[in-house]
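Trainee: I am new to this structure and would like to go through it in order. May we begin once it is in view?

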Amino acid sequence: MKSSLFCILLVSLFSFACTKTETVSETYQIPIYQRSTEAEAEAGLQQKAAENIQEFGNIYRYQDYLLVNELGKGIHIYDNSNPQSPTQISFMQIPGNYDLAIRNDVLFVDSYDDLLSLDIRDPNNIQLLHRKNNVFPQYHPSIGRIVGYKDTTVYYERDVDRNWPFGGSQEDNDAVFQTTNAGGKVQNPNQTGIGGSMARFTISGANLYTVDQNSLHSFNISNASQIQKVGDEYVSFMAEIETIFPYQNYVFIGSTNGVFIYNVSNPAQFQYVSEFTHARACDPVYVSDSLAFVTLRSNTNQRCIGTNNQLDVLNVTQIESPTLLQTFGMTSPYGLGVSDSLIFICEGEHGVKVFDFDKIYQNRQITGIQLNLKHHQNNLNARDVIPLKKSILVVGPNTVKQYSVDKEGKLNLISSIQ
């Protein structure tokens, strides 16, 4: 008994001696907002004749339609029943619009800090069903939109392990990867429409889920003429949220510091499940068949900061404890998508890379993947991709291109929207 007490005391003293508290600082980018007025936003909502797109944003596929966001201005609608020759139907001017999702012929969009539902059953005569005011204050307080960023420095205290061999602490983002966890259960999927990996809107069942800079929100959209906000969750102060991706009864939230996983089976009360922390970088995430594919992109001239350009592959079979399987070096990865055994990764000015992959098993457990480059389409600027059955949609800052994908993973251009 005395020996046990002595050991406990010795361990405690050793732990105390090997740690110290220090004040550290980190510099982050905070948003600069563009101001407008609600009256201007409402007056600017109108359907117009087809026109050219100046700056391409998110893309969304719904039935035979392709919808393309023009950053801050609205949605361009195309008839894509013939992918070889998509035809522009009209332009829905929506001031302060950046995100979109569709359920049952209803288009849900942001307009500054408002959420709008639009009836698109007749794409030539789109009708406003409901405007839910002031639901995105983090996007643009007092009706404003993020138009740039500026530096701010945060000071805080942390414990440093003197025995940690790399200097600093085990929590340094550029030194280690880590996971934290809580309980969770995998259930059946329920989705509508197809968006890209850079999306901040997603729909599951009768609920719309959105993310802003720090939070997750849910809206009941079963009655599109009377949208009801039902849930809010503050996700992180230190990490800036960028994307949301649905998987079964979960959402995977990509941020500048890692991936957060929430169970949203109860849209009024989200359940935190787990997270995977990585070095600071821009971070879309795509989930398929128990694997989460995460691209990390650094850029010292923008808010991504960091030094990492890579693809992380996570095993989320045990979703309450995601684990890093492997890391693959990339050039400048943006959005990504997965179709069967193919991964499509947008590399910005370096085009699109197509990989095939095989899971590596040991004792019936996934222990890694084998990744092989099949094709590199390098004659475009690619920001995000939507994989379809035998083709893909790729969006860049000034174009949307459609490619067929052959059995070898080679891309063949079908059509372009300029």
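**Sheets, rings and cavities**

Mentor: Let us begin with an open sheet of four strands, whose order is E7-E8-E9-E10 with antiparallel pairing. Strands here are DSSP runs (E, at least two residues) numbered from the N terminus, and two of them pair if DSSP finds at least two bridges between them. This is a predicted model, in which local features need pLDDT of at least 70 and side-chain atom pairs count only at pLDDT 80 or more, while totals for chains, interfaces and linings use all residues. Residues are numbered from 1 along each chain as its sequence is written, and side-chain values use heavy atoms, with hydrogens and water left out.

Trainee: What is the bridge partner of Asp119 in E10?

Mentor: Strand E9 (residues 114-119) pairs with E10 in the antiparallel sense, over five bridges. Within E10, the partner of Asp119 is Gln127.

Trainee: In the open sheet with the order E14-E15-E16-E17, how many bridges join E14 to strand E15?

Mentor: That sheet has four strands with antiparallel pairing, and its edge strands are E14 (201-204) and E17 (228-234). Neighbouring strands of this sheet are turned by 20° against each other on average, direction ignored. Phe201 has Thr210 in E15 as its bridge partner. The number of bridges joining E14 to E15 (residues 207-211) is four.

Trainee: How many residues apart are Phe136 and Phe201, which form an aromatic pair?

Mentor: Rings of Phe, Tyr and Trp (its six-membered ring) pair if their centres lie within 6.5 Å; planes under 30 degrees apart count as stacked, over 60 as edge-to-face and the rest as tilted. Phe136 and Phe201 form a tilted pair, 5.9 Å centre to centre with 40° between the planes. Phe136 lies in the loop between strand E10 (127-132) and strand E11 (144-161), Phe201 lies in strand E14, and the two are 65 residues apart.

Trainee: Are Phe136 and Phe201 buried or exposed?

Mentor: Buried means under 20% relative accessible area, exposed over 50%, and partly exposed in between (1.4 Å probe, protein chains only). Phe136, Phe201 and Phe219 form one aromatic cluster. Both Phe136 and Phe201 are buried.

Trainee: Why does the pair of Phe245 and Tyr286 count as tilted?

Mentor: Phe245 is in strand E18 (residues 241-247) and Tyr286 in strand E22 (residues 285-288), 41 residues apart. The ring centres of Phe245 and Tyr286 are 4.5 Å apart and the planes stand at 45°, so the pair is tilted.

Trainee: Which residues line the largest cavity?

Mentor: On a 1 Å grid over the protein atoms alone, a cavity is a set of points where a 1.4 Å probe fits but cannot get out, and lining residues have an atom within 4 Å of a point. The largest cavity has a volume of about 40 Å³, the volume being the space filled by probe spheres set on the points. Its lining consists of Tyr62, Tyr65, Leu67, Ile77, Ile120 and Pro123.

Conventions:
Axes are lines fitted to C-alpha atoms, for helices over the stretch in contact, and angles run from 0 to 180 degrees between N-to-C directions. On a 1 Å grid over the protein atoms alone, a cavity is a set of points where a 1.4 Å probe fits but cannot get out, and a pocket is an open set with protein on both sides within 12 Å along at least five of seven lines; lining residues have an atom within 4 Å of a point.
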